[in-house]
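Look at the model first, then read the points below.

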Amino acid sequence: LVVDDFGVKYTNKKDIDHLIDCLKTDYELTEDWDGDLYCGIKLKWDYEARTLDISMPGYIIKQLQKYKHACPPRPQHCPYSPEPKRYGSEAQRPLPEDTSPPLSKEDIKHVQRVIGSILYYARAVDLTVLMALSTIASEQAKGTESTMAKTKQLLDYLATNPDATIRFHASDMILNIHSDASYLSAANAHSRACGHFFMGWKADPTKPIKLNGAFFTLCAILRFVVASAAEAELGALFLNCKQATIFRLTLEEMGHPQPPTLVHCDNSTAVGIANNSVKKQRSRSMEMRFFWVADAVEAGKFDIKYYPGKENLADYQSKHHIGAHHTAVRPWYLHEQNSVRELPRACKPSTLKGCVGTLPDGYVRTNPLPQVPTRQSVPTTRKHLPGYFGLPIGIPTLGSIIGPAIARVRTPWLSFH
């Protein structure tokens, strides 16, 4: 709840002057007619290009100085190290328990302070660390030495990437949601639910997805232990649609009526249950409240459709990734020099089943979202992290490593005569 900063949208200058005069009779206030700062968030308006960039310059540096965290000896591109990949039946087993020694009360307080200060920054401008914060926060009450090491790795990642920016483009103000879940990816056999919310245009399944900056990202752990991936996906739909109900009401009150909100989901079973298009016999064991989604769809509030997981923007926040993947997908979620405006539609998973080849539009079989090509050698162009402890290190700039656009990958066909 914001009580000290607020913005007013007006159409008549006399109306806003009257409001200011009334407030000044009882309160002391300052006026900012440029509108370039709100709750510590820097606003950069471009009325010709119809864009808005939000950032918090210098915030991470201040937090690193506050916690006396030295610059990492080498760039850290992974905010949280993922568990080793497992195959076969081992892939469905819960995560192993943390057996490292417990932290002292003072160290636990330190971890809690770090999470509290970084969480505001992550929710505002840098969604790439939300997954790491969620996992560390679930361990902070009974923190161990492993928890402290994860916290230090998170600060190393923020020291490497201190200033994130999100760009919003003027749109038709239609709410778009991408929903995803990861089964048994949290401690104690729990699953995660994630959602990617952005304002955009009415989606056309035959055309690429027009991208916009995310104004909200859901990254939560399901309260109940679910029995299948389909139940986890249905639980994610429940949480995302419940949150979207508030956003829909807010948008309508602001003068932006909403059609049935399109929700992307990559699980056909969960989509069938939500749309009442499958026979719900073995779903009786699923959590009862999850079926509220079916009532919301029938009421015309939501339109839940199946789309391949490779084009699902919520997949990134549902699990931990290696550093190379974080670097590759940053242009899709944050404003970078090589960020693109459209996300190509992905093929169904069965497109190349049993075949050897490549997918179009930069997609690959193993990773979601199109891959941005990288160069083999790193140019000498480098930037230095702020030397807040006198330890500047050189980091290759993202624009010097990643190309300016996504290459369309095609496999040449050979003809024999």
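Tyr 59, Ile 60 and Gln 63 in α2 meet Ser 117, Ile 118 and Tyr 121 in α3. The model is predicted.

**Helix pair α2 and α3**
- Helix α2 covers residues 59-66, and helix α3 covers residues 105-124.
- The two helices pack at an angle of about 170°, and their axes are 11 Å apart.
- Angles over 145 degrees count as roughly antiparallel, so α2 is roughly antiparallel to α3.
- The contact of α2 with α3 has 4 nonpolar and 2 polar residues, with no charged ones.

**Gln 63**
- Gln 63 sits in helix α2.
- Its relative accessibility is 10%, so Gln 63 counts as buried; the cut-off for buried is under 20%.
- Leaving aside residues up to four places away in sequence, Gln 63 touches Ser 117 and Ile 118.
- Gln 63 and Val 114 are 51 residues apart along the chain, and 8.3 Å separates their C-alpha atoms.

**Cavities**
- The whole structure holds 2 cavities of 30 Å³ or more.
- The largest cavity contains about 70 Å³ of space.
- It is lined by 13 residues, and Thr 128, Met 131, Tyr 316, Lys 319 and His 326 are the closest to its centre.
- Helix α4 (residues 130-139) gives the largest share of that lining, with 3 residues.
- By class, the lining of the largest cavity has 7 nonpolar, 5 polar and 1 charged residues.

How values were computed: Residues are numbered from 1 along each chain as its sequence is written. This is a predicted model: local features need pLDDT of at least 70, side-chain atom pairs count only at pLDDT 80 or more; totals for chains, interfaces and linings use all residues. Side-chain values use heavy atoms; hydrogens and water are left out. Helices (H or I, at least four residues) and strands (E, at least two) are DSSP runs, numbered from the N terminus. Buried means under 20% relative accessible area, exposed over 50%, partly exposed in between (1.4 Å probe, protein chains only). Contact means heavy atoms within 4.5 Å. Axes are lines fitted to C-alpha atoms, for helices over the stretch in contact, and angles run from 0 to 180 degrees between N-to-C directions. Angles under 35 degrees count as roughly parallel, over 145 as roughly antiparallel, 65 to 115 as roughly perpendicular and the rest as oblique. Ala, Val, Leu, Ile, Met, Phe, Trp, Tyr, Cys and Pro count as nonpolar, Asp, Glu, Lys and Arg as charged, and the others, Gly among them, as polar. On a 1 Å grid over the protein atoms alone, a cavity is a set of points where a 1.4 Å probe fits but cannot get out, and a pocket is an open set with protein on both sides within 12 Å along at least five of seven lines; lining residues have an atom within 4 Å of a point. Grid points are joined across faces, edges and corners, and a volume is the space filled by probe spheres set on the points.
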